[in-house]
Amino acid sequence: MPVEWQPVQQSRTHELVLRSIEERVFAGELRAGDRLPPERELAPVLGVSRSALREALRVLETIGVLVAQPGRGPDAGARIVRNPDDALGRLLRLHFALGSYSLHDVLEARVVLERSSFEGAACHAPDEDLDEAEELVAGMAEPGIGVSAFNDLDTRFHVLIARSSGNALTSTLTSAVRESVRPLILRALEAAEDWPATARALNAEHRTLLTLVREGSGPEAADLVEWHIRGLHGTLVEDPTGPTAP
C-alpha cells in the first residue's frame with residue numbers, strides 16, 4: 001500500500017520562537033512580571049539569530065503580553081505583562097477600518113457588553129469608581145467643552161463603568177469595541193447641528209445612568225444604556241450616507 005505523504009508545515013524562525021515562549025506561558029513556567037533572559041543569552045539557547053528573536057519579541061509587545069525596556073540596568077530587557085486593552089483596541093480598530101466587521105456588528109456587540117457592564121456595576125462598583133465617574137460626568141458638563149474633549153471623557157466613563165462591573169474580560173472587550181469606533185463617533189459628534197445641545201442631552205443620560213448604578217438599579221441602567229447607545233450609534237448604522245470608518 002503506497003505511503004500517503006502530507007505537506008510539511010513551514011514556519012518562519014520568529015514563529016518558532018513565539019511558539020516556544022507561548023508553550024512556556026501555557027505550562028506556567030512564565031508568568032506576568034517574569035523577565036526573559038537577555039537577547040545575547042536567549043538567542044543561542046533557542047538556536048536562532050538575535051534578529052529573529054527581536055522580531056518575535058516585537059510581535060509579543062504588539063499583542064500586549066510583553067514590554068521591552070532598552071538599555072542597561074535592573075529595568076532593562078523584556079518582561080512578561082498583562083496589557084490586553086490597548087492591543088485588542090488596536091486590532092479591532094484596524095479590522096473595522098478594513099471592513100472585517102460592519103457597523104451593525106459593532107453596535108450589537110456594544111449593546112450586549114454595556115448592558116452587562118452597567119448591570120454588573122450596579123451590584124459591584126466600589127465607591128471610588130463611582131466617584132471617579134461623577135468627576136467625568138462633571139467634566140462633560142463644563143461650559144464650552146469641545147467635541148474631542150467630550151468624546152475622550154465619554155469613552156473613559158463607559159470604560160470605567162465596565163471596569164467597575166467586576167468582570168475583567170467584559171471591561172477589556174468594552175474598551176476594545178469602544179476604541180474601534182472612537183474616530184467614527186467623534187466624526188458624528190462633530191457633524192451635530194447644535195453641539196452644545198447634543199452634549200447636554202448625552203450627558204443628561206450619563207447622569208441618569210450613574211444615578212441608577214449608585215441606586216443599584218441594574219436592569220433599569222441596562223435598559224437605559226442600550227437606548228443611549230442606539231441613539232447615537234444607531235443613527236450611524238441607519239444612515240449609509242453618514243461618516244465612514246477611517
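Is F118 buried or exposed, and what is its relative accessible area? F118 is buried, at 0% relative accessible area; here buried means under 20%, exposed means over 50% and partly exposed is what falls in between (1.4 Å probe, protein chains only).

Before going on, a word about the model. This is a predicted model, in which local features need pLDDT of at least 70 and side-chain atom pairs count only at pLDDT 80 or more, while totals for chains, interfaces and linings use all residues. Residues are numbered from 1 along each chain as its sequence is written, and side-chain values use heavy atoms, with hydrogens and water left out.

## Aromatic pairs and the core

Searching the whole structure turns up two aromatic pairs. To count, rings of Phe, Tyr and Trp (its six-membered ring) need centres within 6.5 Å; planes under 30 degrees apart are stacked, over 60 edge-to-face, and the rest tilted. F118 and F157 make a tilted pair, because their ring centres are 6.3 Å apart and their planes sit at 50°. F118 belongs to helix α5 (residues 103-124) and F157 to helix α7 (residues 147-163), so this pair ties together parts 39 residues apart in sequence. (Helices are DSSP runs of H or I with at least four residues, numbered from the N terminus.) F157 is buried too, at 0% relative accessibility.

The other pair is F150 with W195, an edge-to-face arrangement with 5.2 Å from centre to centre and 90° between the planes.

What does F157 touch, leaving out residues up to four places away in sequence? The list is F118, A133, L136, V137, M140 and H206, with contact meaning heavy atoms within 4.5 Å.

In α9, the buried residues are L184, I185, A188 and L189. Looking down the axis of α9, these buried residues fall within an arc of 135°, so they line one face of the helix. (The arc is taken from the directions from the helix axis to the C-beta atoms.) An α-helix has 3.6 residues a turn, so residues three or four places apart point the same way.

Back in helix α7 there is also H158, which counts as buried at 1% relative accessibility. The side chains of H158 and E114 are joined by a polar contact of 2.6 Å. A polar contact is a pair of N or O atoms within 3.5 Å; within protein, one must be able to donate a hydrogen and the other to accept it, and residues adjacent in sequence count only if both atoms are side-chain atoms. Setting aside neighbours within four places in sequence, H158 is in contact with R110, E114, F118, T174, R178, H206, V225 and H228.

## Salt bridges

Now for the charged side chains. A salt bridge is a side-chain nitrogen of Lys or Arg within 4 Å of a carboxyl oxygen of Asp or Glu, and the count comes to 16. Here are some of them:

| Salt bridge | N to O distance |
|---|---|
| R54 and E39 | 2.9 Å |
| E134 and R207 | 2.0 Å |
| R182 and D152 | 2.1 Å |

R54 is in helix α3 (residues 50-62) and E39 in helix α2 (residues 39-46), and their pair links distant parts of the chain, 15 residues apart. R54 is partly exposed at 34% relative accessibility, and E39 is partly exposed at 23%.

E134 lies in helix α6 and R207 in helix α10, so that bridge ties together parts 73 residues apart in sequence. E134 counts as partly exposed, at 25%, and R207 is partly exposed as well, at 35%.

With R182 in helix α9 and D152 in helix α7, the pair ties together parts that are 30 residues apart in sequence. R182 is partly exposed, with a relative accessible area of 23%, and D152 is partly exposed with 31%.

Salt bridges also form a network here, linking E108, R115, D223, E226 and R230.

Definitions and conventions:
Helices (H or I, at least four residues) and strands (E, at least two) are DSSP runs, numbered from the N terminus.
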